[in-house]
Amino acid sequence: MKKIEAIIKPFKMDDVREALGEIGITGMTVSEVKGFGRQKGHTELYRGAEYMVDFLPKVKIEIVIATEDVERCVNAILETAQTGKIGDGKIFITDVERVIRIRTAEENHEAI
């Protein structure tokens, strides 16, 4: 099993969720997060004063799936989240050793 963490622009969330649903991804966790990479934030004006916005709003999607579904999932995220502009985000893929559903105590593939 693998865990996919994707950090994307907030306005792309609905498109990504729909694309993942079309390929059969049935569960995910979504969080509103803030951060920066090469984009390094930007300056804004508020009541005539300029200030630096260091952390930009992003959305973090977490999905645990079977290893054989990783490429389809990654491709769906890439195709829908990509704008071609700086700040599109990142995708991280890591191994998952064990999953347990709390309600039933089912484990691993049965639990996802």
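Me: Is Glu5 buried or exposed?
Reply: Glu5 counts as buried, at 17% relative accessibility. Buried means under 20% relative accessible area, exposed over 50%, and partly exposed in between, with a 1.4 Å probe and protein chains only. This is a predicted model, where local features need pLDDT of at least 70 and side-chain atom pairs count only at pLDDT 80 or more, while totals for chains, interfaces and linings use all residues. Residues are numbered from 1 along each chain as its sequence is written, and side-chain values use heavy atoms, with hydrogens and water left out.

Me: Which side chain does Glu5 meet in a salt bridge?
Reply: That of Lys60, at 3.1 Å from N to O. A salt bridge here is a side-chain nitrogen of Lys or Arg within 4 Å of a carboxyl oxygen of Asp or Glu. Glu5 is in strand 1 and Lys60 in strand 5, 55 residues apart, and the pair links these distant parts of the chain. Strands (E, at least two residues) and helices (H or I, at least four) are DSSP runs, numbered from the N terminus. Lys60 counts as partly exposed, at 22% relative accessibility.

Me: And Lys3, what does it form a salt bridge with?
Reply: With Glu62; the closest N and O atoms are 3.0 Å apart. Lys3 lies in strand 1 (residues 2–8) and Glu62 in strand 5 (residues 56–65), so this pair ties together parts that are 59 residues apart in sequence. Lys3 is partly exposed, at 24% relative accessibility.

Me: How many salt bridges does the structure hold?
Reply: Eight. Another one of them joins Arg98 and Glu107, whose closest N and O atoms are 2.9 Å apart. Arg98 counts as exposed at 51% relative accessibility, whereas Glu107 is partly exposed at 31%.

Me: Switching to helices. At what angle do the axes of helix 1 and helix 2 cross?
Reply: Roughly 150°, with the axes of helix 1 (residues 13–22) and helix 2 coming within 9 Å. Axes are lines fitted to C-alpha atoms over the stretch in contact, and angles run from 0 to 180 degrees between N-to-C directions.

Me: Which residues make the contact?
Reply: Asp15, Val16, Ala19 and Leu20 from helix 1, and Cys73, Ala76, Ile77, Thr80 and Ala81 from helix 2. Contact means heavy atoms within 4.5 Å.

Me: Where does Thr80 lie?
Reply: In helix 2, which covers residues 70–81. Thr80 is buried, with a relative accessible area of 18%. Leaving out residues up to four places away in sequence, Thr80 touches Lys12, Asp15, Val16 and Ala19.
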